[in-house]
Amino acid sequence: MDKFITQSPISKQIKKSAILSMNLPVNTLIIGEQGVGKKLLAQEILPNSTAFYAKELEQLIISKHIDLKEYSSIIIYHLEDVINIDEFLQHLTNIKIVATTNQKLTKYNTIFAVKIEIPSLSQRNEDLQKLIEIYTQEALNIYNLSKGDIDNTKLDLNGNGITLKQSIFKHIVLQSMSQKDILSILESYLYKQLQKNKTYKELLSIFEIPLLKASIKAFKSQLKISKQLAINRVTLRKKLHNYFGEL
Amino acid sequence: MFYEELLEHDLNPFILFDSNGKIKNCNSEAEFLLNFVSADELFNLTLEYASVSFGFNKKFIRLQFEKQTFYAILVGYINEEEIVLRLYKEVTISKPIIIDENFQEANIFTLIELSKSTVLLDKDIQIDEFYDISIPDIKLNINEFLVTINNIFEQLNNISNISIKVYIKTGEYEIIDNKKYTIIAIEFSSKHNIVFDTHQTNTANLNIFFNKNIIRLEIPMII
């Protein structure tokens, strides 16, 4: 994805601010949690500028391996990583800066005349839905699938777009697996566990837990499960008891 | 007679009220002050700071009426018929504007819009705008202007309604380097009183005036 998503009213306003600040000779600070789209927005404000990680740029300045006169504008990611931000920014006084940070940094109000705060994805439902659509399609294309069911309740939004993408890809990967793939993964996993001297009984849970979970989901009652799996009801109850808390 | 002359020429306003709040005597500085603030308001202020019994009461408080700020107030009465108010003027808050290389051309409406859309991003505030769109792009210190407007919006972000008025002040000019410039006023007002600290806005080239429910920023129209 190469564009800041603007499906929600709040992100439309953010994009509008970015466009308004593009041609102004002022610095912009983009604030937000991990994965909310700070980098994409920075690149939209300064599409042709070089981007640096703050820590990396700080090192280049200290070691004098950069000639800042060559730059009229730059993008700086993770400004909060710099040890002495005041001193760092003093080196950049004649350069238009668009910086990103996950901290408020209120001290720098006069240096950054434009401050854009991007809310988390959970507060931008329209953007979230669009991203789910984009990432699902991307994953389906990669794994050559025509359809994939995404359970929205299982999506991880802790890291906004980053963890969202990871959880969608994980969903699609799991759906794309053949029996051969599963056996291959299990073989690899079991091999590692055997190196740790695990016994047959200990490793059996790897097979039994998913089987019992799927059975509960499919048949609900223990009677039906025991009938379908063709095992004794007492045995089934014993196993459900053993795995209590994991099912 | 000599003392009356002295008071008349004093740089600080002096007003003598009768017991009903009617002005019995005042100097020319007080006359100027009465252009911004009503006699009733000043009389109420006088009563508020009057000593409990006959005598004089001096308090160091900061008062601002439009462009004038005062750092102290003196209220005195020696009988039931008359009471005197004297305000001590702070050095003018209007600062001389210095045009330097940081002055660049910009559209002030765009700058206001940018500040509004970033500072009040998720705020539910009703904003009424009254803009004189005939105002052209002007030269100003863009960074300083944005920082100031941001600060004003930040201080107003708990208010449910704001009116923003941008207009040219008729009959008032700013003299910079012997050149006369028309003044553009950007006025932020609310139906209710505003809590605003002008000291929080550190502006070298902009003049800010605050009175009850109006914050006014004045900038010269340098084209």
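Two residues count as being in contact when their C-beta atoms, placed from the backbone, lie within 7 Å. Keep that in mind as we walk through this structure, which is a predicted model. Take chain B and look at contacts between residues at least 6 apart in sequence: 62% of them join residues at least 24 apart.

Let's stay with chain B for a moment. Its C-alpha trace spans about 60 × 45 × 25 Å along its principal axes. If you go through its secondary structure, you'll find five helices and 13 strands. How many of its residues are buried? Out of 223 residues, 29% count as buried.

Chain B is also divided into parts. The domain assignment gives it domain 1, covering 2–89, and domain 2, covering 103–220. Taken over C-alpha atoms, the centres of these two domains of chain B are 32 Å apart.

Now, where does chain B meet chain A? The contact draws 14 residues from chain B and 17 residues from chain A. On the chain B side, the elements that give two or more residues are strand 7 (103–106), helix 4 (108–119) and helix 5 (142–156). Sorted by class, this side of chain B has six nonpolar residues, six polar ones and two charged ones.

Cross over to chain A and look for its sheet. Here five strands make an open sheet with parallel pairing, and the order is 2-3-4-1-5. Strand 2 (50–53) and strand 5 (114–117) of chain A stand at the edges; each has a single partner strand, so one side of each is left without a neighbour in the sheet. From one strand to the next, the twist averages 15°.

Let's zoom in on one pair of strands in that sheet. Strand 3 (residues 73–77) and strand 4 (residues 96–101) of chain A run parallel and are joined by four bridges.

Another is helix 2 (residues 38–45) of chain A, lying across strand 1, strand 3, strand 4 and strand 5 of chain A. With strand 4 of chain A, helix 2 of chain A makes an angle of about 170°.

Technical notes
Residues are numbered from 1 along each chain as its sequence is written. Chains are lettered from A and ligands numbered from 1 in the order in which they are written. This is a predicted model: local features need pLDDT of at least 70, side-chain atom pairs count only at pLDDT 80 or more; totals for chains, interfaces and linings use all residues. Domain bounds come from an automatic or database domain assignment. Ala, Val, Leu, Ile, Met, Phe, Trp, Tyr, Cys and Pro count as nonpolar, Asp, Glu, Lys and Arg as charged, and the others, Gly among them, as polar. A residue is buried if 20 or more other C-beta atoms lie within 10 Å of its own, exposed if 12 or fewer, and partly exposed in between; C-beta atoms are placed from the backbone. Two strands pair if DSSP finds at least two bridges between them. Axes are lines fitted to C-alpha atoms, for helices over the stretch in contact, and angles run from 0 to 180 degrees between N-to-C directions.
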